[in-house]
Structure formats: C-alpha cells, structure tokens
Amino acid sequence: YATRIVLTFGEQSLEVLDKYPERLREVPGLGKERAAEVQRAWESHRAIGAIMIFLQSHGASPALASRVYKRFGPKAVAIVSQSPYRLALDVWGVGFKTADRIASSLGIGKDAPERAQAGVLHVLSEQNAQGHVFAPRSKLAEAAATMLEIDVVAAEGAIDTLRAAERVKVERGLDDDSVYSPQLYAAEVGVSERMAALLGAPAAGRSLEPLVEAALTSFEKRSKVVLAPEQRGAIGLAAESKVVVITGGPGVGKTTIVRALLDLLDAAGLRTRLAAPTGRAAKRMSEATSREATTLHRLLEFDPKSGTFGKNEQSPLDLGALVVDETSMVDLPLFEVMLSALPSGARLILVGDVDQLPSVGPGAVLRDVIDSRVVPTARLTAVFRQAEGSHIVESAHRIHAGLSPVSEKGNKGQFYVVERIGDAESADVIVDLVTNRIPKSFGLDPIRDVVVLTPMHRGEAGTTKLNERLQASLNPSGPSVKVGLRLYRLGDKVMQLKNDYDREVYNGDVGFVSRLDQEARTLSVRFDEREVVYAEGDLDELTLAYATSIHKSQGSEYPAVVIPIQMHHFVMLSRNLFYTAVTRGKRLVVLVADPRAVSMGLAETRKGWRATSLADRLRAKVRGE
C-alpha cells in the first residue's frame with residue numbers, strides 16, 4: 001500500500017500520514033479497516049522511530065526499539081531515561097549489559113547505589129529464570145559483585161536496601177539467608193497454607209471408598225481391560241484421600257488409572273474438571289479420556305490484559321474434583337493460583353512423571369509435594385504388557401536407572417543409537433537422518449513427523465545451526481520474510497517462544513507458516529485448527545522448529561525424535577534431560593551420541609535440583625515439623 005499512497009499524494013504523503021490520516025480513504029483499494037490499520041502502523045512506526053533515535057544515541061541497536069515500544073508504549077523514552085535498568089528486568093530478550101551500557105551513557109556511575117541494586121535484582125531474576133525460587137544470600141552477593149565488578153560489601157548493602165524497600169524478601173536460615181522476590185515468597189508461603197487448608201477440610205459429596213469395587217468392575221467390563229494390583233492400589237489411595245499424587249514413567253498405566261478414576265468420580269456424582277499446564281498436554285489428555293480438558297490458564301480464566309485470573313478465593317471454581325495431568329510442568333506461581341481457586345471441599349488428583357525435567361518456570365512443585373510426605377502418593381513402577389514390547393519405554397526405564405540404552409538392529413525397530421563423536425560429524429548425520437534415512441525407512445514425513453531435540457541452542461549440533469540446515473534441505477525456496485538473522489518461508493515449521501494470551505498461543509506451541517505477505521511483512525501460522533496472524537513486530541516470538549530444545553519439548557509427543565548427545569553439551573547433560581527427551585518419541589527415537597557424553601549425562605543426577613523450601617514449608621504447616 002505504500003506505493004499506492006505515494007502515487008495518490010506524492011510529496012504530501014508524509015504530511016497526510018502525520019496530520020490528515022482520514023484522507024487515506026482517498027487511496028484506491030484502501031478500505032476503511034485497512035486505512036485504520038495503516039494509520040495505527042504509522043503511529044507505531046513514528047513512536048518506534050523516536051525510541052530508536054533515543055536508544056541509538058546511547059549506544060543501543062535499532063532492533064531493540066520495537067521491543068521497548070511494545071513493552072512500554074508511548075512512555076518508553078521517559079521510562080528508559082529515568083530507570084534504564086528496567087530494560088533488563090521488564091523487556092523480553094534484553095540483557096543487563098545492554099541496560100548497563102545505556103545507564104552509563106545516561107550518567108549513572110559504576111558505583112551508583114541504584115546500579116548495585118539493579119544488579120542484585122537482575123541476578124535474582126536470572127536465578128528465578130533457571131527455576132530457583134530463592135537465591136542463597138552469600139551466592140547472590142558474590143554473583144552480583146562479580147557481574148558488576150564491585151565489592152561484595154556493596155552488593156550486600158544493596159540487598160539490605162532492597163529488603164528495607166520491600167523489593168526482596170530475606171528469610172533467615174541456619175547456614176545462609178534465602179533471598180526471594182516478593183512474588184515468589186508469597187507464592188511459596190501461599191501454596192503451603194492453601195494445601196494445608198485443603199488437606200484439613202472435609203471432602204464434599206459422598207465417600208468414594210464404598211463405590212470403588214462396583215465402579216472398577218464396570219470400568220473393566222466396558223473398557224475390556226483388567227486393572228493390575230498396582231493400579232487398583234493407586235485408585236484405592238485416591239478414593240480414601242482428598243489430595244493424591246499419581247506418578248510414574250512411561251508405560252505404567254497412568255492414563256488407564258485416570259480413566260477409571262473418572263468413572264468413580266462420576267459414580268459419586270462429583271463434577272470433575274480436567275486440566276493441564278499447556279494446550280498440547282490438555283489436548284492429549286482429552287484424546288486419552290474422551291473428556292473435555294483445558295489449560296490451567298483457561299480453567300482459571302486468565303485475563304492477558306490485566307495479568308490476573310478470574311477464578312480465585314473470592315470466585316472459586318465450580319467443581320467437586322480436579323484432575324491435573326503433566327503436573328511436573330506446573331510452576332509455583334500457577335500452582336498457587338490454582339489452589340486459591342479450589343473450593344475447600346474439592347478433591348485434587350495430581351498426575352505426572354516426577355523424573356522428567358521440572359517446570360520451565362520457577363519451582364519443582366510435583367517433586368516438593370511428594371518429598372513433603374504430607375500428600376498420599378502412588379508411585380507406579382510396573383510396565384504393562386502393551387508397553388513391554390516398546391524399546392522406547394524399555395530404554396527410558398534403563399536411562400532412569402542410570403544404565404546406557406541399547407540400540408536395536410535392522411530398520412523395523414523403535415530405538416537406535418548412532419555413535420558419532422564431535423558436533424560437526426553428528427550434525428551431518430542428523431540432517432541425513434531427518435531428510436533421507438528416516439523418511440525412506442519408516443515412511444515418516446520429515447517436516448510434520450520428525451523433530452530434533454537438542455540439549456543446547458549453540459554449536460553445530462544446537463538448535464540454531466540445525467534449524468538453518470534443515471530449513472535449507474526441507475524447505476529451500478518460496479515466499480519469505482526476514483527479520484534480523486531469521487528467515488521464515490511459507491510452509492516452515494515454527495514454534496511460539498513465549499505465552500501470548502491475546503492470541504491464545506503458548507510457549508512451545510508448534511505450527512506451520514500457512515500464509516505470508518511480503519509487502520506487509522506479516523505471516524500466518526496454523527496451530528492445529530487455528531490460524532494466527534503475526535505482524536513484523538511480533539515475529540521475534542517465533543523460531544524455526546525443525547529442531548528445538550529438550551526443555552521446550554516438555555508435554556509434547558512426536559512420531560519420531562532425533563537427539564544429539566555430544567561432549568559440547570556437557571554443561572546441560574543430566575539423567576533427567578535424557579529421560580525427558582527419550583520419552584517424547586512415540587514410534588521412533590534415534591540418539592546420535594558420543595558414548596562419553598552418554599556416560600557423563602547418566603552419572604549427573606543433580607542438574608534438576610532447584611532452590612526451593614516448599615517441601616519444608618508443607619511439612620511445617622501440615623504436621624508442625
């Protein structure tokens with residue numbers, strides 16, 4: 001439309017856009033809605049231009065401007081001028097060094113108290129981003145002092161100032177103090193208090209125990225299954241407990257137990273809702289149970305504009321029982337909101353695999369609830385007949401036990417280990433497997449059915465380089481839009497990188513580029529049955545998804561996964577990382593592995609550890625320990 005505007009108004013085009021935007025209706029082919037869209041885009045462009053000039057004058061890159069405008073709007077220049085460190089704390093994708101450089105240009109000295117405080121908050125925020133609920137005070141002060149190149153005493157002083165201003169919460173400990181953000185402290189305390197209240201209140205409705213035998217007999221007859229003693233034990237525990245955890249690895253029958261439990265809850269006349277932390281997990285839950293399942297955010301009526309939930313203590317959920325699947329993926333803040341919205345008499349059934357990677361967000365909720373020993377827990381270990389023949393399930397259980405997986409032979413198997421040493425050689429093999437060998441041998445679509453799951457983003461065998469190579473091999477030409485270093489083509493497989501509640505697409509959702517407007521620099525992505533439009537300024541929320549990180553794959557299943565395990569990945573390698581990756585594959589799993597890296601990862605069992613006090617708080621609240 002830019003060409004049409006210039007042809008219509010000539011040298012007056014900028015003046016029309018600035019002062020008389022209503023005249024855009026005079027442009028041939030530009031209707032009322034499109035004219036309004038052009039006007040909004042121009043106003044945004046002008047604002048971004050002002051921010052760009054301001055930021056560039058202080059040493060920042062032009063690419064930063066649109067993100068800053070998106071976060072702060074028209075007040076961006078004033079906010080950044082007064083509080084430049086908010087860039088690192090509030091703007092997605094901006095590091096502390098960038099904010100520090102701008103702050104220095106604005107005249108804030110290296111020894112300024114506000115710089116030390118911003119550094120402490122940044123390090124604490126980074127710890128939270130890594131999943132820790134708190135940071136030990138001594139380590140926080142040391143890390144902040146090192147990053148800022150200041151004395152540890154100054155960092156300690158900054159922590160004290162922040163505590164006095166109630167910008168952090170410091171809790172005394174025997175060996176070291178724990179430093180929390182106020183939000184995560186409130187969430188951890190809130191979970192312990194709400195769980196204690198839930199456990200202490202009587203269950204609403206009929207007792208389930210007298211109904212168990214009849215409900216299970218009916219379920220077995222209708223479903224044509226025979227429940228194993230371990231499964232019956234888990235259902236019995238759920239019947240006698242108001243809150244229960246059901247955990248176990250692949251093939252142990254968790255889904256069958258949930259289906260049987262739903263029959264039991266129906267027999268008791270309880271209104272039961274099903275939920276999961278992601279759309280993918282909710283969809284799988286719905287398919288497995290033939291019942292409606294929703295995301296926790298939707299169940300709790302999250303409002304993206306206000307950032308609040310419609311369901312809470314004042315407006316609780318209308319239900320008698322809640323079943324949550326993939327609970328290992330639920331982070332601490334979301335779990336606290338969920339508990340606050342439960343009626344006091346509701347039953348809560350938490351289902352998940354505690355040995356998978358913990359949630360992307362802070363906390364290790366499922367692990368902590370189990371470790372607290374205040375919630376009855378059924379640990380399932382027996383692998384059932386239908387899963388016994390699965391080499392994927394067998395390999396997952398070997399990995400869980402710390403044993404090296406064993407490769408099958410021939411081209412009709414499910415689990416293979418291809419030994420390769422070095423990133424470059426393994427990357428070559430991965431590209432050949434995805435584009436050639438797997439499609440030919442197993443009849444799988446290399447774009448829709450196969451995904452590479454990597455421990456890291458960097459390196460020849462990381463997501464970035466592999467995505468570039470796989471795009472070049474699988475989707476080498478066609479209409480495209482380039483944003484920064486990223487190129488998107490029609491037909492590309494892409495992933496959403498952050499929760500976008502307005503569009504109802506979430507971190508980790510995978511779709512395909514279905515339309516592309518090169519002139520307007522927009523594209524549409526089809527996620528299952530929905531098509532979502534992305535303007536140019538939103539494209540940094542997407543990335544190519546031929547390869548993705550193992551962390552991003554949580555809650556998903558794929559027909560085939562290819563997993564590089566190399567010594568270059570050593571900082572990320574751990575037993576639960578392997579285990580999570582392998583359990584993503586449904587029909588085929590291929591490890592492209594250096595045997596030394598496999599041994600190193602199997603031996604590492606601490607990388608999933610997170611700094612939390614939830615288990616201790618639960619014990620103290622419920623048992624007074």
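A residue counts as exposed when its relative accessible area is over 50%, as buried when that area is under 20%, and as partly exposed in between. Arg515 is therefore exposed, at 53% relative accessibility. The structure described here is a predicted model.

The domain assignment divides the chain into domain 1 (31-106), domain 2 (113-176), domain 3 (187-384 + 610-623) and domain 4 (391-497 + 542-593). Domains 3 and 4 are each given as two segments of the chain. The C-alpha centres of domain 1 and domain 2 lie 28 Å apart, and the contact involves five residues of domain 1 and nine residues of domain 2.

The size of an interface is often expressed as the accessible area that is lost when the parts come together. Between domain 1 and domain 2, about 560 Å² is buried, with carbon and sulfur atoms contributing 73% of this area. On the side of domain 1, the greatest losses of area to domain 2 are those of Tyr85, Leu89 and Phe96, which together make up 84% of what that side buries.

Across the interface of domain 1 and domain 2, one salt bridge is found, and one residue pair is in polar contact. Helix H6 (86-90) and helix H7 (96-105) are the elements that supply two or more residues to the side of domain 1 that touches domain 2. By class, this side has four nonpolar residues, one charged residue and no polar residues.

Asp100 is located in helix H7. The side chains of Asp100 and Arg115 form a salt bridge, with an N to O distance of 2.9 Å. When neighbours within four places in sequence are set aside, Asp100 is in contact with Tyr85 and Arg115. Asp100 has a relative accessible area of 13% and therefore counts as buried, the cut-off being 20%.

Elsewhere in domain 1, Ala76 is placed in helix H5 (residues 76-82). Its relative accessibility is 0%, so Ala76 is classed as buried. Beyond the neighbours within four places in sequence, Ala76 is in contact with Ile51 and Val68. Ala65 is eleven residues from Ala76 in sequence, and the two C-alpha atoms are 9.4 Å apart in space.

The count of salt bridges comes to 33. Among the residues involved, Arg137, Glu156, Asp160 and Arg163 are linked in a network. These four residues fall within the bounds of domain 2 (113-176).

Three further salt bridges were examined individually. In the pair formed by Asp538 and Arg503, the closest N and O atoms are 2.3 Å apart. This pair links distant parts of the chain, 35 residues apart: Asp538 is in the loop between strand S19 (530-534) and strand S20 (542-544), whereas Arg503 is in the loop between strand S16 (493-496) and strand S17 (510-517). Both Asp538 and Arg503 are buried.

Glu531 and Arg515 are also joined by a salt bridge, with 3.3 Å between the closest N and O atoms. Here too the pair links distant parts of the chain, with Glu531 in strand S19 and Arg515 in strand S17, 16 residues apart. Glu531 is partly exposed, with a relative accessible area of 29%, whereas Arg515 is exposed.

In the salt bridge between Glu460 and Lys465, the closest N and O atoms are 3.2 Å apart. Glu460 is partly exposed at 33% relative accessibility, and Lys465 is likewise partly exposed, at 35%.

Notes. Residues numbered from 1 in each chain as written. Predicted model: local features only at pLDDT ≥ 70, side-chain atom pairs only at ≥ 80, totals over all residues. Heavy atoms only, no water. Domains from an automatic or database assignment. Contact = heavy atoms within 4.5 Å. Buried area = accessible area lost by both parts, 1.4 Å probe. Polar contact = N/O pair within 3.5 Å; in protein donor to acceptor, adjacent residues only side chain to side chain. Helix = DSSP H or I, 4+ residues; strand = E, 2+ residues; numbered from the N terminus. Nonpolar A, V, L, I, M, F, W, Y, C, P; charged D, E, K, R; others polar. Buried < 20%, exposed > 50% of the residue type's maximum accessible area, 1.4 Å probe, protein only.
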